[in-house]
Amino acid sequence: MKPGIHPEYHEINVIMTDGTEYKTRSCYGKPGDTLRLDVDTKSHPAWTGVQRMLDTGGQVAKFNKRFAGIGTRSK
């Protein structure tokens, strides 16, 4: 490795979404900083398999209302 071009690698605290903590080494912030995760393997649907229902009905209705006249011919 070339000297002087790489960021400092130090220990930080990571707090998961459920409150559990662990220490790891990273280039994030300063030594001893805390990184709070918004999404992790315990809460993300890709890992849990649990999907949240969104307001798709409202979004579809809004789309249909907005673009209802497109594609119709008027003579």
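# Questions on the structure

Reader: How many bridges join β1 to β3?
Author: Strands are DSSP runs of E with at least two residues, and helices are runs of H or I with at least four, both numbered from the N terminus. Two strands pair if DSSP finds at least two bridges between them. β1 and β3 run parallel, and the bridges joining them number three.

Reader: What kind of model is this?
Author: Residues are numbered from 1 along each chain as its sequence is written, and side-chain values use heavy atoms, with hydrogens and water left out. Local features need pLDDT of at least 70, side-chain atom pairs count only at pLDDT 80 or more, and totals for chains, interfaces and linings use all residues: this is a predicted model.

Reader: In which pattern do the helices and strands follow along the sequence?
Author: The chain has two helices and three strands. Read along the sequence, they give β-β-β-α-α.

Reader: Which residue of β3 stands opposite Ile-15?
Author: β3 spans 34-36. The residue facing Ile-15 there is Arg-36.

Reader: Why is β1 largely enclosed by the rest of the structure?
Author: Buried means under 20% relative accessible area, exposed over 50%, partly exposed in between, with a 1.4 Å probe and protein chains only. Across the chain of 75 residues, 11% count as buried. β1 is largely enclosed because its buried residues number five of the six.

Reader: Is Asp-40 buried or exposed?
Author: Asp-40 lies in the loop between β3 and α1 (45-48). Because its relative accessibility is 6%, Asp-40 counts as buried.

Reader: Which backbone nitrogen does the Asp-40 side chain reach?
Author: Contact means heavy atoms within 4.5 Å. Asp-40 touches Met-16, Thr-17 and Trp-47, leaving aside residues up to four places away in sequence. At 3.1 Å, its side chain reaches the backbone nitrogen of Thr-17.

Reader: What is the area of the nonpolar surface patch?
Author: Phe-67 lies in the segment after α2 (56-66) and is partly exposed, at 35% relative accessible area. Patch residues have over 30% relative accessible area and no salt bridge, with nonpolar side chains joined within 5 Å and like charges within 9 Å. A salt bridge puts a Lys or Arg side-chain nitrogen within 4 Å of an Asp or Glu carboxyl oxygen. Phe-63, Phe-67 and Ile-70 make a patch of about 330 Å².

Notes: Polar contact = N/O pair within 3.5 Å; in protein donor to acceptor, adjacent residues only side chain to side chain. Areas by Shrake-Rupley, 256 points an atom, 1.4 Å probe, with all protein chains shown as cover.
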